[in-house]
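Here is a short note to read beside the model.

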Amino acid sequence: MIMTDSSSDLPLGYIEENNIPFISLTCHFKGKDFVDDFGKTLDYHEFYEAIRAGEMPSTSQVNVQAYVDKFREYAKEGAAVIYIGFSSGLSGSLQSAQIARKTILDEYKQADITVIDSKSASLGQGLLVYYAHELLKKGAVKDEIVAWVEENKLKVNHWFTVDSLEHLKRGGRISGTAAAVGSILNIKPVLKVDDEGKLTPVTKVQGRKKSLRVLADMLEERIVNPEEQVIAISHGDCIEDVNFLENILREKFACREIIINQIGPVIGSHSGPGTLALFFMGKTR
């Protein structure tokens, strides 16, 4: 059983078609708590439009009991579980999963639960789930799948840019002064997720289209065997920019597939509308 959480940002159709169980993080939005469930409960466009209008959502990680309940369900069935979780560098949910695993192993001595810190987020995490599920469908045993994920997770490149610096300021990633000056000069940061699974600023460019070209340049520089790869793009309700980037990629590369999906409300609460992220496999991050 390949299991993940809602921060993997995989398309809902893929999750349902492949019966992938998941844990939901929570978004506090317009005075209510919404589970992040790949867009079933909270419409992506509605969510980002509200932020554009001034709404300020917040988020909470998954508590231990939610994991205990989910893991117990599969322990009773005798199913082996591989949980590929949201980066410990960005959320405390992974720690909750590890505590829950120990709890279940105390109850069910024969339970087989592996918790993997993906050191990834959004469709970077989603790509690990995708490839792990492909291995499962091809008949790989659990140890082979776990070994592949552990050996390859720090090869998943996460490159992204944001349209507004306000959300990075709110999250403490940049100062208020830097955000103000950057907005005036139309400065767009390019960031990545590092080997610790944390956000790291890489460079700054002037103008939105230039920042999108930098993402494509990073892929061209770092991708390995593009024709064998699935490339992923996630975004904060900015499909025109996605189309612009996708056209560049398709002109330059012949990849297996490009997965495109919106960024869910938990990550989107911190990155904001207009975020655009590109994911692929390289030799390193």
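1. Is cysteine 255 buried or exposed? Cysteine 255 is buried, with a relative accessible area of 19%. Buried means under 20% relative accessible area, exposed over 50%, and partly exposed in between (1.4 Å probe, protein chains only).

2. This is a predicted model, where local features need pLDDT of at least 70, side-chain atom pairs count only at pLDDT 80 or more, and totals for chains, interfaces and linings use all residues. Residues are numbered from 1 along each chain as its sequence is written, and side-chain values use heavy atoms, leaving out hydrogens and water.

3. The structure holds 0 disulfides (a disulfide is a pair of cysteine sulfur atoms within 2.5 Å). Cysteine 255 is in none; its nearest cysteine sulfur, that of cysteine 238, is 19 Å away. For cysteine 238, the closest cysteine sulfur is in cysteine 27, at 18 Å, too far for a bond. Cysteine 238 is buried, with a relative accessible area of 9%.

4. Helix α6 spans residues 142-152, and its buried residues are Lys142, Ile145, Val146, Val149 and Asn152. They cover an arc of only 150° around the axis, so they sit on the same side of α6. The arc is that of the directions from the helix axis to the C-beta atoms. Asp143 and Glu151, on the other side of α6, are exposed. Helices (H or I, at least four residues) and strands (E, at least two) are DSSP runs, numbered from the N terminus.

5. What covers the buried residues of α6 includes α5 (122-137) and β8 (156-161). Contact between α5 and α6 involves residues including Leu128 and Tyr131 of α5 and Trp148 of α6 (contact means heavy atoms within 4.5 Å).
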